[in-house]
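Welcome, and take a moment to look around.

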Amino acid sequence: MSGFLAAVVGAQVALLLGLSLALIAHRWVAAAGQEGKERERARLGEALRGFLTARLTAAEFLRVLDGVRPDSVAAVIQRHGAQINGEAWESVVEQVRRSRWFGTELGRRLRSRFWWRRLVGARMLAVLGGEKDLSVVRRLVSDKHPAVKVAAIAVLRRVCTPELLASVLDEAIAAPSVVRHYFFDTLLTVGPALVPTLRQRLGMPRDDHEIPALLRLAGEVGAPELLVAILPHARHPDMETRAAAARALGAYPHAQACDALVGLLSDHHWQVRARAASALGSIRALDARDVLTAALRDANWWVRLRAAVALRQLGPAGVSLLKTAERSGDRFAAEMARYTLGLTDAAVADYVA
Amino acid sequence: MSALLQWLTAVVTTADLTIIWYFLIVNSFYALLLLLAVPEIWKHWKITRDEDLSLYLGSEALPPISILIPAYNMQASITDSVEAQLALDYPQHEVIVVNDGSTDGTMEQLRRAFELYEVPPAFPSRIVTQPVRAFYRSRTQPHLLVVDKQNGGKADALNLGISAARYPIVVAVDADTIVARDALLRLARPFLLGERVAAAGGTVRVANGCRIERAQLVEARIPHRFLPGIQVPEYLRAFLFGRLGWNRLGGNLIVSGAFGLFQRRHLLEIGGYTSGNVVEDLDLIVRLHQHLRAKGEPYDIPFIPDPVAWTEVPSDVWTHGRQRERWHRGLVVTMARHARLLFNPRYGVIGMVTMPFFFFGEMLAPLVEIVGYVLTALGLGLGILSVEFALLFLAAALGYQLLLTIWAVVLEEATFRVYRRFGDFLRILGYAVAEPFGYRQLTVFWRLKAFWNALRGFTHWGEMQRQGFQSRPA
């Protein structure tokens, strides 16, 4: 047994010494490497600023780009790409795309079988991508690694075609809710280009399950052309779809939207009623003040809260109705009216958000 | 006489052999966790390197978060703490402070600093707690809600916070914990990667010795004082490979109570924290696993290494002892309470791997260790064991743990390298080497005391002496 223990202890001591020495050596090397990397990045950052302020010519900037490691270019370009836009950035993009490493290094990363290399490539394309990269971008957007997808989606801010939009929309609808919302946020940045694609999908959804997601996006886009595509879904047999329609209509201050929402306020599902009440507040539907006041007596606490907040959003008319409700005989309505009347404007805005 | 000696020799050598095998098996399991932690830390490192968090900050996709701060007698630090949580980088979050019947001026301090005004209760009470005295909103901070309630303990305060939260995600943060500015963004990243997060924990590091200004960490340092310093590699070991390794096995059992994220609906479904449990976080996660498995709902409880919260660890022996005793007592009570999960295949990895490991490898470890020390001493005294064998026995048992701690330092160095100064790095190594000699035996003693207190049904937290973060020198 002593022999076995001695062998174990011996191995442990050897490993311990080896690890400690390796750690110390790594510290020295990493510290030196880090310094070099920071110097290189600072030099590149300086060159980039020089190029943007015309202190450096394109050829000089290109020479600096060719002389640094791809990792440094990736880091500096990503950092600046998030802060600079417009023509100035496009001139930088043009030079970076002409640099020696762009075609080789980036291409290698984008085709790599390792997701972390594709991730770096996707992040680069997000700030440097152009129409030429469409096929790669479409592949990245449906990459099997979620981090690559999330990075690639940012390319939409630079490149946008109906095919790419349709691909991204498909990916978004199939994704879990937070990922979908993130994709939607990026889709919103393309503006009016999204409207025809979305209107078409709302008119002819591939299946019923995708309608709530499409409605949510339509609500966030808020383009008047989409209203007619949303309204039919307010009568959909599925509760979730009706709730999504109610939420979307909150972005359309239009008589048709108001009528549909008033109808939804008497839905037999409280989730739909609460959404409808919120939406009526969002569109400042003064005509709906009586039904909102009636909703203060709703059996569900959330509906009462949403109706009360909506009345606050209506301004003096709504506040006056809340004051009346506060003095009314209905305990639930009075309690909710008292609560919302006590909120500051900022707190009300916070509820609305 | 010689028959008795023979019998004793047989007992001591057999027990010593059993104990050494116990240590080798338990530490080998830790080594397995370490191996499993490598791809996990690699994944996180690759995602976080050069990651532009501002993209997430500018998006409304991340789920809104309610930060819950249970506060008891935190008059000196509560304002800085709340301000720091309100200033965290996140698209949408609120802060709910639950004043748990403080007997100092905590409530008055909050009232003055944030211009509080009383509001009626604005949420249906979903979990039974001690009575609420009043609800307050702030005239200067619309995202702040303060609830003043009668004292009921941390779990009770958190339960009220869960009821009062408006958002689907709640993050429990200790009032004396410093959360890194970008920690919420990092903690919520798994949502963006499509994971089915039921709860998630971040790394908790030792704040003692660090440079701190207005409840924000300015520079990470290693404490010069021995007791807080030696806890640095201990925390690294626990977080950087212990929990990351469990990620791979799918059986994370701890989300730190000092900094953890939860889906509010799950907490409501299981009735929140168990009041009176001294380690409410462990009990909560065990119940969460049980509940979600029973529901058949797919879920993840990941540990994410890059969001960091800094906590003040005890710097005197008695406070440290009380803390460790309480932690271990909580483990004993939780294991006893959920014993039916042990080796129960219905609970998958949790029942077949995690719970047995926590039972045999964590809970029983101090008992086995003390028996090992006693028998070795007895064997030496009676001349049954040679000094050489006894030393080899101790070296084999303790050396493995030392190796694992050094590996944790390797992981830290290869990835996050939070401690930039070379002197600090050497100090971590020094503390890691010193840990098995004296400090470990001290923790064994505290943990043994926990068994006794658990048997007595002792539910007290024990007073925690903390220096606080004000005017913390570098």
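Let us start with a pair of helices. In chain A, helix α2 (residues 58–66) and helix α4 (residues 86–98) pack with their axes 9 Å apart, at an angle of about 50 degrees. At that angle, α2(A) and α4(A) are oblique to each other. The crossing of α2(A) over α4(A) is right-handed. Before going further, please keep in mind that this is a predicted model.

Which residues make this meeting between α2(A) and α4(A)? From α2(A) come Ala58(A), Phe61(A), Leu62(A) and Leu65(A), and they meet Gln95(A), Val96(A) and Arg98(A) of α4(A). By class, the residues of this contact of α2(A) with α4(A) are five nonpolar, one polar and one charged.

The crossing of α9(A) and α10(A) is left-handed.

Six of the residues in the contact of α9(A) with α10(A) are nonpolar, none is polar and two are charged.

**A helix pair in chain B**

Helix α11 (residues 317–337) and helix α12 (residues 348–363) of chain B pack with axes 11 Å apart and at an angle of about 145 degrees. The crossing of α11(B) and α12(B) is left-handed.

Leu331(B), Val332(B) and Met335(B) of α11(B) meet Phe358(B), Phe359(B), Glu362(B) and Met363(B) of α12(B). In this contact of α11(B) with α12(B), six residues are nonpolar, none is polar and one is charged.

Chain A has 21 helices and zero strands. Its radius of gyration is 29 Å, well over the 20 Å that the globule rule gives for 353 residues, so chain A is more spread out than a compact globule.

Chain B, for its part, has 15 helices and 12 strands. How does its radius of gyration agree with that of a compact globule? A compact globule of 474 residues would have a radius of gyration near 23 Å, and chain B, with 23 Å, agrees with this.

The table sets out some further values for the two chains.

| Chain | Box or span along the principal axes (C-alpha atoms) | Residues that count as buried | Contacts at least 6 apart in sequence that join residues at least 24 apart |
|---|---|---|---|
| Chain A | roughly 80 × 70 × 40 Å | 40% of 353 residues | 64% |

**Two tyrosines in chain B**

Two residues of chain B are worth a visit. Is Tyr90(B) buried or exposed? Tyr90(B) has 20 other C-beta atoms within 10 Å and is buried. You can find Tyr90(B) in the loop between α3 (78–86) and β2 (93–100) of chain B. Leaving aside residues up to four places away in sequence, Tyr90(B) touches Ile65(B), Leu184(B) and Leu185(B). The C-alpha atoms of Tyr90(B) and Ile65(B) are separated by 8.6 Å, although the two residues are 25 residues apart along the chain.

Tyr373(B) lies in helix α13 (residues 365–381) of chain B. Tyr373(B) has 15 C-beta neighbours inside 10 Å and counts as partly exposed. From C-alpha to C-alpha, Tyr373(B) and Ile19(B) are 9.9 Å apart in space, while in sequence they are 354 residues apart.

**Where the chains touch**

Finally, look at the place where the two chains come together. Here 42 residues of chain B are in contact with 42 residues of chain A. On the side of chain B that touches chain A, at least two residues each come from α1 (2–48), α2 (54–57), α7 (189–192), α14 (387–414) and α15 (422–455) of chain B. α14(B) gives the most to this side, with 14 residues. By class, the residues on the side of chain B that touches chain A are 28 nonpolar, six polar and eight charged.

Key: Residues are numbered from 1 along each chain as its sequence is written. Chains are lettered from A and ligands numbered from 1 in the order in which they are written. This is a predicted model: local features need pLDDT of at least 70, side-chain atom pairs count only at pLDDT 80 or more; totals for chains, interfaces and linings use all residues. Two residues are in contact if their C-beta atoms, placed from the backbone, lie within 7 Å. Helices (H or I, at least four residues) and strands (E, at least two) are DSSP runs, numbered from the N terminus. Ala, Val, Leu, Ile, Met, Phe, Trp, Tyr, Cys and Pro count as nonpolar, Asp, Glu, Lys and Arg as charged, and the others, Gly among them, as polar. A crossing is left-handed if the near helix is turned anticlockwise from the far one by less than a right angle, and right-handed if clockwise. The radius of gyration is taken over C-alpha atoms; the globule rule is 2.2 Å times the number of residues to the power 0.38. A residue is buried if 20 or more other C-beta atoms lie within 10 Å of its own, exposed if 12 or fewer, and partly exposed in between; C-beta atoms are placed from the backbone. Axes are lines fitted to C-alpha atoms, for helices over the stretch in contact, and angles run from 0 to 180 degrees between N-to-C directions. Angles under 35 degrees count as roughly parallel, over 145 as roughly antiparallel, 65 to 115 as roughly perpendicular and the rest as oblique.
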